[in-house]
Amino acid sequence: MSLETRELHPGLAAEAGFLDLSQPLDPDTIAAIQTAIDAYPVLVFRSQSLTDAQLRDFAARFGPLEIGRSAARPGRRRLAIPQIGDISNLDVDNKVRALDDRRRLDGLGNRLWHTDASYMPVPVVLGMLHAVTLPPASPFGNGETEFADMRAAYDALPAETKAAIDPLIAEHDVFWSRAQIGFTDFPQPERDQYPPSPQRLVRRHPVTGQKSLYLSAHASHIKGWPIADGRLLLVDLNAHATQTRFIYSHTWRLGDLVIWDNRWTMHRGRPHDEHKPRDLRRATTLDTGSTLNEAA
Ligand code: OGA
Ligand code: MN
């Protein structure tokens, strides 16, 4: 079968025709979804109603699933399934977190352009985010999620820039992305659990050979360069890669399931009314090898 799609942003985002993702799907349907993701690294399904277990089971058809940083912490958690990431502003009792709540401040790192888990030695592939509760409009934003096309951004660079950055390795560190928004309050054991990881700055699609910028708020500097020079290069590349022409902004509706490929996109959450609940659930598939093994 082939999946019906309607383009939302050329080469970046599409809306898929309706499929009930809560039901077990046959291998042909899963393959058709994967083909659509390869063409459109942001794929939107509307009108889903998935329990956490159904979201986990659907996502697991695409690869082994990540257990994220917050689920790996000891202590009580709001969601029962460790493979489901809690992308919400709610505490264990489903109450909106206070403005100075540590977990909320940590989660605000998602407002910076990033690709998920690039601080891990082997990063992730697909993110799948399901909208369960949405906040009302606010003066600063409506909790949209924006996606930027890192293949188009790479293609648009001058040939000399491409040649110069192709071999570079960046160091990615989750505590650097948090430090950028002034949040440094992490206990040493948590820091020790997530040391920085090296990643190629330019990735290559395993099948098509298409290249892509692998940027993220976690990217701190360039290996072998003075910290300041590397940081400034990353600032320039981020400004280039997040121009309006490379961006699709997703306005959430209840029941949306948005799938994105972290290898070819960056994303960020937008501000929203912090006094109202926003509850999204995320499943994430793991990659199989280090980006360092991808020939530039
Ligand atoms: C994520 C993320 C942004 C948002 O779930 O990985 O960055 O809009 N979310 O919640
Ligand atoms: Mn994210």
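## A walk from the metal site to the cores

Start by selecting H114 and D116: both are buried. Keep in mind as you click around that this is a predicted model.

The ion is held by three residues: H114 and H267 each through NE2, and D116 through OD, at 2.1 to 2.2 Å.

Next stop: D279, in strand β15, which covers residues 279-286. Is D279 buried or exposed? Its relative accessible area is 3%, so D279 counts as buried, the cut-off being under 20%. Show side chains here and pick R78 as well: the side chains of D279 and R78 make a polar contact at 2.9 Å. Setting aside neighbours within four places in sequence, D279 is also in contact with other residues, including D86, L90, H130 and T133.

On to the greasy parts. In soluble globular proteins, nonpolar side chains tend to be buried together. Select I33, F45 and F58: in the largest nonpolar core, which has 29 residues, these three touch the most other members. Elements giving two or more residues to this core include β2 (13-16), α2 (52-59) and β5 (124-133). Which element gives the most? Colour α1 to see it: α1 supplies 5 residues.

Zoom in on F45. Beyond its neighbours within four places in sequence, F45 is in contact with I33, L257 and I259, among others.

For a last stop, select A148, L234, F246 and M266. These belong to a second, separate core of 22 residues.

Definitions and conventions. Residues numbered from 1 in each chain as written. Chains lettered and ligands numbered in written order. Predicted model: local features only at pLDDT ≥ 70, side-chain atom pairs only at ≥ 80, totals over all residues. Heavy atoms only, no water. Helix = DSSP H or I, 4+ residues; strand = E, 2+ residues; numbered from the N terminus. Buried < 20%, exposed > 50% of the residue type's maximum accessible area, 1.4 Å probe, protein only. Polar contact = N/O pair within 3.5 Å; in protein donor to acceptor, adjacent residues only side chain to side chain. Contact = heavy atoms within 4.5 Å. Donors = N, O, S within 2.8 Å, 3.2 Å for Na, K, Ca; no water. Core = buried A, V, L, I, M, F, W, Y, C linked by side-chain atoms within 4.5 Å.
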